[in-house]
Amino acid sequence: MHVGIARISLRLPDSRSLKDRRQVARSLPQRIRSRFNVSVAQDAGADGNAWQSLTLLVSCVSSDANHADAMLAEVVEFIENSRPDLQVLDYGSETISGL
């Protein structure tokens with residue numbers, strides 16, 4: 001078993017309030033979950049109260065390490081293509097093998 005984990009830092013330039021940020025923080029993870037069958041969580045510690053930043057943690061399980069890496073890369077590509085109003089600031093992934 002291989003577990004892929006990704007941290008995706010996003011900038012929300014159009015967000016003007018906490019309400020705007022919450023809307024993105026709720027809808028985007030739901031769309032990612034339904035399309036890719038992965039787990040998505042918001043990293044609350046990294047974002048604080050900033051209205052224009054959001055960090056998502058994405059994880060997946062696969063029998064092939066390359067497939068796990070590819071799936072996480074597809075999630076980032078999906079965000080970039082489906083939400084051009086958001087900017088991907090940073091993306092890092094790791095695969096844990098041998099579980």
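Reader: Where in the protein does N37 lie?
Author: N37 lies in the loop between helix 1 and strand 2, where helices (H or I, at least four residues) and strands (E, at least two residues) are DSSP runs numbered from the N terminus. This is a predicted model, in which local features need pLDDT of at least 70 and side-chain atom pairs count only at pLDDT 80 or more, while totals for chains, interfaces and linings use all residues. Residues are numbered from 1 along each chain as its sequence is written, and side-chain values use heavy atoms, with hydrogens and water left out.

Reader: Why does N37 count as exposed?
Author: A residue is called exposed over 50% relative accessible area, buried under 20%, and partly exposed in between, with a 1.4 Å probe and protein chains only. N37 has a relative accessibility of 71%, and therefore it counts as exposed.

Reader: How do you know that the span of helix 1 agrees with its number of residues?
Author: The expected span of a helix is 1.5 Å times one less than its number of residues. For the 19 residues of helix 1 this should give 27 Å, and the end C-alpha atoms are 27 Å apart, so the two values agree.

Reader: What does the same test say about the 18 residues of helix 3?
Author: Helix 3 (residues 65–82) should span 26 Å, and its end C-alpha atoms are 26 Å apart, which again agrees.

Reader: What makes the buried residues of helix 3 line one face?
Author: The buried residues of helix 3 are A68, M71, L72, V75, V76, F78 and I79. Seen down the helix axis, they fall within an arc of 155 degrees, so they line one face of helix 3; the arc is that of the directions from the helix axis to the C-beta atoms. On the other side of helix 3, N66 and N81 are exposed.

Reader: What covers the buried residues of helix 3?
Author: The cover includes strand 1 (2–11), helix 1 (18–36), strand 3 (53–62) and strand 4 (87–97), where contact means heavy atoms within 4.5 Å.

Reader: Why is V75 called buried?
Author: V75, which lies in helix 3, has a relative accessible area of 0%, and so it is buried. Leaving aside residues up to four places away in sequence, V75 touches I8, I32, F36 and V58. Of these, I32 and F36 are among the buried residues of helix 1.

Reader: What makes strand 1 mostly covered?
Author: Seven of the ten residues of strand 1 are buried.

Reader: What is the pattern of the protein, read along the sequence?
Author: The pattern is β-α-β-α-β-α-β, with three helices and four strands.

Reader: How do you know that the radius of gyration agrees with that of a compact globule?
Author: The radius of gyration is taken over C-alpha atoms, and the globule rule is 2.2 Å times the number of residues to the power 0.38. For 99 residues a compact globule would have a value near 13 Å, and the protein has 14 Å, which agrees. Buried residues make up 38% of the 99 residues, and the C-alpha trace spans about 45 × 25 × 20 Å along its principal axes.
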